[in-house]
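Colleague: I am new to this structure and would like to learn how to read its features. Please take me through them one at a time.

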Amino acid sequence: MLITLLISLILLSRGKADFTLEIYRELLSALSKKGYQFMTFEQYCQLKASLPKKFVILRHDVDLKAINSLQTAQVEHELGVKASYYFRERHVCSKFLISFFVYRGHEVGYHYEDLVTEKADVDKA
């Protein structure tokens with residue numbers, strides 16, 4: 001709820017609907033200033049019994065426009081924010097691409113949708 005409010009306030013303060021890297025940087029900074037701690041999904045699972053009162057899990061799906069995710073990951077890294085990145089397509093994954101996220105402290109995973117891609121054919125998936 002608060003995150004939606006912060007996004008709305010930032011967008012309205014600009015007088016237009018805008019979701020650029022600059023706005024994203026402002027959003028992350030605003031959440032940090034409000035005392036929110038950023039964590040990966042794995043960190044959430046590990047700390048489940050002792051979670052902070054205010055936390056944010058940033059989860060991104062990486063699809064065909066991986067360059068956008070590289071830029072987002074760099075902004076997060078510059079602000080000391082860790083996020084979870086899930087690659088949606090097999091052909092998007094490469095060692096170089098994955099290492100870019102890993103070396104910046106982000107979590108990397110595979111967004112499993114093979115069953116959907118293969119039209120529910122379990123043997124093909």
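Colleague: Which element gives the most to the lining of the largest pocket?

Modeller: Keep in mind that this is a predicted model. To read a lining, take the residues around the pocket and see which element each belongs to. Here E3 gives the most, with 4 residues. Strand E3 (59–62) is joined by helix H2 (21–33) and helix H4 (66–78), each of these elements supplying at least two residues of the lining.

Colleague: What is the volume of the largest pocket, and which residues lie nearest its centre?

Modeller: The volume is about 230 Å³. The lining has 14 residues, and those nearest the centre are Phe19, His60, Asn68, Ser69 and Thr72.

Colleague: How do the residues of that lining divide into nonpolar, polar and charged?

Modeller: The lining holds 5 nonpolar, 5 polar and 4 charged residues.

Colleague: Next, salt bridges. How many does a search of the whole structure find?

Modeller: For a salt bridge, look for a side-chain nitrogen of Lys or Arg within 4 Å of a carboxyl oxygen of Asp or Glu. The search of the whole structure gives 2. One of them pairs Arg25 with Glu78, with the closest N and O atoms 2.9 Å apart. Since Arg25 is in helix H2 and Glu78 in helix H4, this pair ties together parts that lie 53 residues apart in sequence.

Colleague: Which side chain meets that of Asp61 in a salt bridge?

Modeller: That of Arg59, at 2.6 Å from N to O. Both residue numbers fall within strand E3 (59–62).

Colleague: Where is Thr40 found, and why does it count as buried?

Modeller: Thr40 sits in the loop between strand E1 (37–39) and helix H3 (41–47). Thr40 counts as buried because its relative accessibility is 5%, and the cut-off for buried is under 20%.

Colleague: Which residues does Thr40 touch, not counting those up to four places away in sequence?

Modeller: Contacts of this kind show what a residue meets from elsewhere in the chain. With residues up to four places away in sequence left out, Thr40 touches Ile57, Lys82, Ala83, Ser84 and Glu107.

Terms used:
Residues are numbered from 1 along each chain as its sequence is written. This is a predicted model: local features need pLDDT of at least 70, side-chain atom pairs count only at pLDDT 80 or more; totals for chains, interfaces and linings use all residues. Side-chain values use heavy atoms; hydrogens and water are left out. Buried means under 20% relative accessible area, exposed over 50%, partly exposed in between (1.4 Å probe, protein chains only). Contact means heavy atoms within 4.5 Å. On a 1 Å grid over the protein atoms alone, a cavity is a set of points where a 1.4 Å probe fits but cannot get out, and a pocket is an open set with protein on both sides within 12 Å along at least five of seven lines; lining residues have an atom within 4 Å of a point. Grid points are joined across faces, edges and corners, and a volume is the space filled by probe spheres set on the points. Ala, Val, Leu, Ile, Met, Phe, Trp, Tyr, Cys and Pro count as nonpolar, Asp, Glu, Lys and Arg as charged, and the others, Gly among them, as polar.
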